[in-house]
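Here's a quick tour of a protein chain for anyone new to reading structures. Have a look at the model first, then work through the notes below.

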Amino acid sequence: PDGDTGTNMALTLESVAKDLASARTMTEVCGAIAKGSLMGARGNSGVITSQILRGIVDVCGSLEEIGPDDLIRALRQAADAAYQAVLRPVEGTILTVVRETAEALEAHGAGRSLGEVLEAACEAAEASVQRTPDLLPVLRDAGVVDAGGRGFTLFLASFREVVTGIPVPEPAVVTTPVLVERHLAGDDVAGLRYEVMFLLEAHDSTITGFKEAWGAVGDSIVIVGGDGLWNCHVHTNDIGAAIEAGIDAGRPSSIRVTDLFEEAEEHAWVTESSGGGGQAPPARVETAIVAV
């Protein structure tokens, strides 16, 4: 609903990259990926991305090196972790793409080299992304594929480039469908106005009740983590109830609330101000004030 899937996935991975700066051993690398993605996850797509990464490192963390069979197991664990993170999984999204990729490798990946497994993974993910409009009517109506699934294909292509040297495909320049332009202009924003995110320090036993409480006040619910620390995301019209549920379960921190309606309006304003609406761009200034 907020139309920033790619941005949130990129910001999540930037957090991972920062934590990887000092990692050397496999254990350190996997620990940095798990921590960086959990602490830096942004938005629905970022939290799901963090679980995909966590599923991979859960398999790879105890290994000295990764072989083709290990990668197949890791992608299966990634798919399972992603589904477990979402209270109400929706098919035709990144969840479907990572699951179908894992299933394709389990069926046809045996006996292949690491590079061949990654090539097969890229092909399976691309095919799955192209099918997402068949599973999710909103994608079909808009004439687009799922953005999160497309992000996962880029992740696999990057993985393949490191192993085989095959470059990541250049991004395609496409015409934005009319329905997507309307969405970005805020003409069809969802009824749930606010995105609430926070880190939650809570005992694992309280999370089932916390999920039920959020299920009563919102949607797009993703709660990931463990061992007393959780990254939580919900869309809701009742900010207070969403935060109070976290207080009942434990100790929320780093609370972020985004007004999705205002975000859509701001996007439209920026587009018009930059010339997208036929107007001249504003004059550049040396100093500006941001009031928060």
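Let's start with a pair of helices: the axes of helix H4 (residues 68-85) and helix H6 (residues 114-135) come within 8 Å and cross at roughly 30°. Since angles under 35 degrees count as roughly parallel, that makes H4 roughly parallel to H6. One thing to keep in mind as you read on: this is a predicted model. The chain in it has 292 residues, and 39% of them count as buried. It has 12 helices and 4 strands.

**How H4 meets H6**

- H4 and H6 pass each other in a right-handed crossing.
- On the H4 side, the residues in contact are Pro68, Leu71, Ile72 and Leu75, and on the H6 side they are Leu114, Val117, Leu118 and Ala121.
- Sort the residues of this contact by class and you get 8 nonpolar, no polar and no charged.

- Two packed helices are described by the angle between their axes and the distance between the axes.
- For helix H10 (residues 207-215) and helix H11 (residues 239-249), the axes come within 10 Å and the crossing angle is roughly 165°.
- Angles over 145 degrees count as roughly antiparallel, and H10 and H11 are therefore roughly antiparallel to each other.
- The crossing of H10 and H11 is right-handed.
- From H10 come Phe210, Ala213 and Trp214, which meet Ala242, Ala245, Gly246 and Ala249 of H11.
- Here the classes work out as 6 nonpolar, 1 polar and no charged residues.

**The nonpolar cores**

- Which residues of the largest nonpolar core touch the most other members? They are Ile48, Ile52, Leu75 and Phe152, out of 43 residues in that core.

- Take the contacts in the chain with a separation of 6 or more: residues 24 or more positions apart account for 67% of them.
- Glu91 is found in the loop between H4 and H5.
- Glu91 and Leu135 are 44 residues apart in sequence, yet their C-alpha atoms are 6.3 Å apart in space.
- What does Glu91 touch, not counting residues up to four places away in sequence? The partners are Tyr83, Thr96, Arg99, Leu135 and Leu136.
- Glu91 counts as partly exposed, because its relative accessibility is 31%.
- Ala147 is found in helix H8, and its C-alpha atom is 9.1 Å from that of Asp4, 143 residues away along the chain.
- With 44% relative accessibility, Ala147 counts as partly exposed.
- Lys35 lies in helix H2, and 7.6 Å separates its C-alpha atom from that of Val16, 19 residues away along the chain.
- Is Lys35 buried or exposed? Lys35 has 53% relative accessibility, so it counts as exposed, given that the cut-off for exposed is over 50%.

- Ser220 has a phi near 50°, a positive value in a residue other than glycine.
- Where does Ser220 sit? Ser220 is found in strand S2 (residues 218-226).
- Ser220 has 21% relative accessibility, so it counts as partly exposed; buried would mean under 20%.
- Ser254 also has a positive phi near 50°, again in a residue other than glycine.
- Ser254 belongs to strand S4 (residues 251-259).
- At 47% relative accessibility, Ser254 counts as partly exposed.

Conventions:
Residues numbered from 1 in each chain as written. Predicted model: local features only at pLDDT ≥ 70, side-chain atom pairs only at ≥ 80, totals over all residues. Heavy atoms only, no water. Axes fitted to C-alpha atoms, helices over the stretch in contact; angles between N-to-C directions. Helix = DSSP H or I, 4+ residues; strand = E, 2+ residues; numbered from the N terminus. Parallel < 35°, antiparallel > 145°, perpendicular 65-115°, else oblique. Left-handed = near helix turned anticlockwise from the far one by under 90°. Contact = heavy atoms within 4.5 Å. Nonpolar A, V, L, I, M, F, W, Y, C, P; charged D, E, K, R; others polar. Buried < 20%, exposed > 50% of the residue type's maximum accessible area, 1.4 Å probe, protein only. Core = buried A, V, L, I, M, F, W, Y, C linked by side-chain atoms within 4.5 Å.
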